[in-house]
Every structure is written in C-alpha cells, then in structure tokens.
Amino acid sequence: MTTTSERQTTETNTEATGRNQRKLLGRVTSNKMQKTLVVRVERRVRDPFMGKTITRSKKYHAHVESGEYGEGDLVEIAECRPMSRTKSWRVTRLVEKSKAV
C-alpha cells in the first residue's frame with residue numbers, strides 16, 4: 001500500500017519528465033533519408049589546459065514526418081523515445097531557413 005507522499009512524488013516525477021525535455025539547436029547536414037534528418041549541433045568549450053575556446057560538434061539523427069527541411073536549415077530538436085538504433089530525437093521547429101540558393 002502506498003502512502004500519499006509516495007503518490008505525490010511519483011506524480012511530480014512524471015510531470016517533470018515532460019517539462020524537462022532536452023532541446024538543442026543545430027544545422028541540417030543531410031536530408032537524404034526518409035523521415036530522418038542528420039543535425040549537427042555545435043557547442044563552444046574552453047580547453048582545460050590551454051584555456052583556448054574550442055568548437056565541438058556532434059551529429060544527431062532526428063525524426064521528421066514531412067520532408068520540408070533542407071540542408072543548411074537551423075532547427076530545434078528534442079529528445080524522445082528511441083525510434084531506431086541511432087534515432088532518439090525529433091525535430092520540433094524550424095528556427096531559420098537556409099540562405100543558400
């Protein structure tokens with residue numbers, strides 16, 4: 001039998017997981033797959049030894065239902081349940097369209 005305090009903590013934990021979703025901004029590097037984009041996310045990190053600022057990047061596979069995004073577009077991706085071995089992110093919105101013609 002669960003007490004009311006245990007029920008309250010369970011309810012708050014489930015609410016928090018919906019709100020505290022990881023979101024990242026990145027550029028679309030490939031849209032050649034069906035319903036999948038490759039998004040490159042860059043972050044700037046200070047080197048612990050030299051003190052120089054370095055740009056680090058990582059590529060994520062993100063799910064998208066429509067094929068409206070092109071290479072070079074700036075998009076926001078959010079973490080979701082795993083959809084395949086490499087894909088556990090989804091595109092939430094388009095931030096900026098690519099300027100390349």
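In what order do the elements of the chain run from the N terminus on? The order is α-β-β-β-β-β, which comes to one helix and five strands; helices (H or I, at least four residues) and strands (E, at least two) are DSSP runs, numbered from the N terminus. The model is a predicted one, where local features need pLDDT of at least 70, side-chain atom pairs count only at pLDDT 80 or more, and totals for chains, interfaces and linings use all residues. Residues are numbered from 1 along each chain as its sequence is written, and side-chain values use heavy atoms, with hydrogens and water left out.

Now for the strands. The five strands close into a barrel, in the order E1-E2-E3-E5-E4 and with mixed pairing; two strands pair if DSSP finds at least two bridges between them. From one strand to the next, the twist averages 50°, with axes as lines fitted to C-alpha atoms (for helices over the stretch in contact) and angles running from 0 to 180 degrees between N-to-C directions. Strands of a sheet pair through backbone hydrogen bonds, either parallel or antiparallel.

E1 (residues 23-33) and E2 run antiparallel and are joined by four bridges, with valine 28 opposite valine 39 in E2. Their hairpin has two residues between the strands, and lysine 35 there takes a positive phi near 60°. E2 and E3 are also antiparallel, pairing over eleven bridges; valine 45 has isoleucine 54 in E3 as its bridge partner. This hairpin has six residues between its strands, and glycine 51 in the turn shows a positive phi of about 85°. E4 and E5 run antiparallel too, joined by six bridges, and alanine 78 sits opposite arginine 90 in E5.

What about the inside? The largest nonpolar core has twelve residues: Val28, Leu37, Val39, Val41, Tyr60, Ala62, Val64, Tyr69, Val75, Ile77, Trp89 and Val91. Such a core is a set of buried Ala, Val, Leu, Ile, Met, Phe, Trp, Tyr and Cys residues joined through side-chain atoms within 4.5 Å. Strands E2 (36-46), E3 (53-63), E4 (74-79) and E5 each give two or more residues to this core, and E2 gives the most, with three. Over the chain, 23% of the 101 residues count as buried, meaning under 20% relative accessible area, with exposed over 50% and partly exposed in between (1.4 Å probe, protein chains only).

Valine 91 counts as buried because its relative accessible area is 13%. Beyond its neighbours within four places in sequence, valine 91 is in contact (heavy atoms within 4.5 Å) with Leu37, Ala62, His63, Val64, Tyr69, Val75, Glu76 and Ile77. Alanine 78 is 13 residues from valine 91 in sequence, yet 6.4 Å away in space, C-alpha to C-alpha. Isoleucine 77, with residues up to four places away left out, touches a list that includes Leu24, Val39, Tyr60, Trp89 and Val91.

Histidine 63 has its place in strand E3. At a relative accessible area of 16%, histidine 63 is buried. Its side chain makes a polar contact of 3.2 Å with that of lysine 87; a polar contact is a pair of N or O atoms within 3.5 Å, where within protein one must be able to donate a hydrogen and the other to accept it, and residues adjacent in sequence count only if both atoms are side-chain atoms.
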